[in-house]
Amino acid sequence: MLGLTGPPGAGKSTLVDQLAKLYRKQDRTVGIIAVDPTSPYTGGAILGDRIRMQDHFADPGIYIRSMATRGSLGGLARTTADVTSVLDASGRDVVLIETVGVGQDEVDIVRLADITVVILVPGMGDDVQTIKAGIMEIADIFVINKSDRDGAERVEREIRALQSLAMRNDGWTPPIVKTVASEGTGIKELAEAIEGYESYLQEENRALKKSVENWQERLIEMLRDAMLEKARAQLGDGRMKQMAAEIAEHKRDPYSLVEEIAKASQ
Ligand SMILES: Nc1nc2c(ncn2[C@@H]2O[C@H](COP(=O)(O)OP(=O)(O)OP(=O)(O)O)[C@@H](O)[C@H]2O)c(=O)[nH]1
Ligand SMILES: [Mg+2]
């Protein structure tokens, strides 16, 4: 499962499209999950995605599903995880997830992927800072798309500089691949880089270790949700309000109350 993320308009969909074509040529089946951004200025591009994706609609070897981030805070990562599991289980050879790398939600989705490709473009200006903050650490492979534009070398230097500051604890140095997705340039190199990381993951059981780590995080989230739901169901709205009032009026302290509830809902 491959996650692709990057700023709005970086060419993620174009890259996904090119990769899907390449994998289909290798006779591998492909599942694509495009997570629609809530961001208003990318609205037009989504329509563009759909139109481009229609090329594939006649091909039963490709399954495309898009999901909206709007109004599903937090729940999205879970929904995406479920869809991804279904795709995995249905025996898709490759599953590609496209998200805009802007918020925590997107970072969470990307965490579900076995391999994460972070897409940057020349001339992002301040956006680079935003991307650096959240997404840089989770990149297994960097793509500098729109390398037909000026400044690709500079982005590469910036990535290298950041890499020299922070060593990954697994010892992997994410390769940097330059692409012009709209022309199909560098796609083969990207696929090779993906394969390279896949082989690396196979060594010393790294893939399993990574998967255990991911599941550990996801189990905690699922457990938290399940326990919260249980406690809520037991308490009901009325009791909750009553307790809040007791705390506000200094009749009870919140810590002992929470402990009581936790015990009661066991
Ligand atoms: N010059 C140039 N344009 C590109 C390249 N790759 C994609 N584009 C164009 O950039 C625009 C945005 O591409 P998309 O693939 O929709 O980008 P995206 O990252 O999926 O966009 P959002 O999903 O809206 O965040 C389109 O007009 C593409 O044709 C490239 O390598 N060079
Ligand atoms: Mg897109």
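Which residues does Ala 231 touch, not counting residues up to four places away in sequence? Keep that in mind, everyone, and I'll come back with the reply in a moment.

A word on what you are looking at. This is a predicted model, where local features need pLDDT of at least 70, side-chain atom pairs count only at pLDDT 80 or more, and totals for chains, interfaces and linings use all residues. Residues are numbered from 1 along each chain as its sequence is written, chains are lettered from A and ligands numbered from 1 in the order in which they are written, and side-chain values use heavy atoms, with hydrogens and water left out.

Now the reply: Ala 231 touches Ile 261 and Ser 265, where contact means heavy atoms within 4.5 Å. Ala 231 sits in helix H8. Ala 231 counts as buried because its relative accessibility is 14%. Here, buried means under 20% relative accessible area, exposed over 50%, and partly exposed in between, using a 1.4 Å probe and protein chains only.

Let's step back to the whole chain. There are nine helices and seven strands. Both are DSSP runs numbered from the N terminus: helices are H or I with at least four residues, and strands are E with at least two. Of the 266 residues, 42% count as buried. Take the contacts between residues at least 6 apart in sequence: 75% of them join residues at least 24 apart.

H7 has 16 residues and reaches 23 Å from its first C-alpha to its last, close to the 22 Å expected at 1.5 Å a residue. That expected span is 1.5 Å times one less than the number of residues. Which residues of H7 are buried? They are Ile 187, Leu 190, Ala 191, Ala 193, Ile 194, Tyr 197, Tyr 200 and Leu 201. Their cover includes strands E1 (2-6), E5 (115-120), E6 (141-144) and E7 (176-178), along with helices H1 (12-25) and H8 (206-248).

In soluble globular proteins, nonpolar side chains tend to be buried together. A nonpolar core here is a set of buried Ala, Val, Leu, Ile, Met, Phe, Trp, Tyr and Cys residues joined through side-chain atoms within 4.5 Å. The largest one has 42 residues, and Leu 19, Leu 96, Ile 141 and Leu 190 have the most contacts inside it. H7 supplies the largest share of this core, eight residues. Apart from this core lies another, of seven residues, among them Ile 33, Val 83, Leu 87 and Ile 97.

Zoom in on Leu 190 with me. Leaving aside neighbours within four places in sequence, Leu 190 is in contact with Leu 15, Leu 19, Val 117, Ile 141, Val 143 and Val 177.

Next, how does H7 pack against other helices? H1 and H7 pack at about 75°, with axes 10 Å apart. Axes are lines fitted to C-alpha atoms, for helices over the stretch in contact, and angles run from 0 to 180 degrees between N-to-C directions. H1 and H7 are therefore roughly perpendicular. For the labels, under 35 degrees is roughly parallel, over 145 roughly antiparallel, 65 to 115 roughly perpendicular, and the rest oblique. From H1, Leu 15, Gln 18, Leu 19, Leu 22 and Tyr 23 meet Ile 187, Lys 188, Leu 190, Ala 191 and Ile 194 of H7.

On to H8: the axes of H7 and H8 come within 5 Å and cross at roughly 85°, so H7 is roughly perpendicular to H8. Tyr 197, Tyr 200, Leu 201 and Gln 202 of H7 make this contact with Arg 206, Ala 207 and Lys 210 of H8.

Finally, the loop between H7 and H8. Most residues other than glycine have a negative phi, and most peptide bonds are trans. Glu 204 lies in this loop, and its phi is positive, near 50°. Asn 205 is placed in that loop too, with a positive phi of about 60°. Is Glu 204 buried or exposed? Glu 204 is exposed, with a relative accessible area of 57%.
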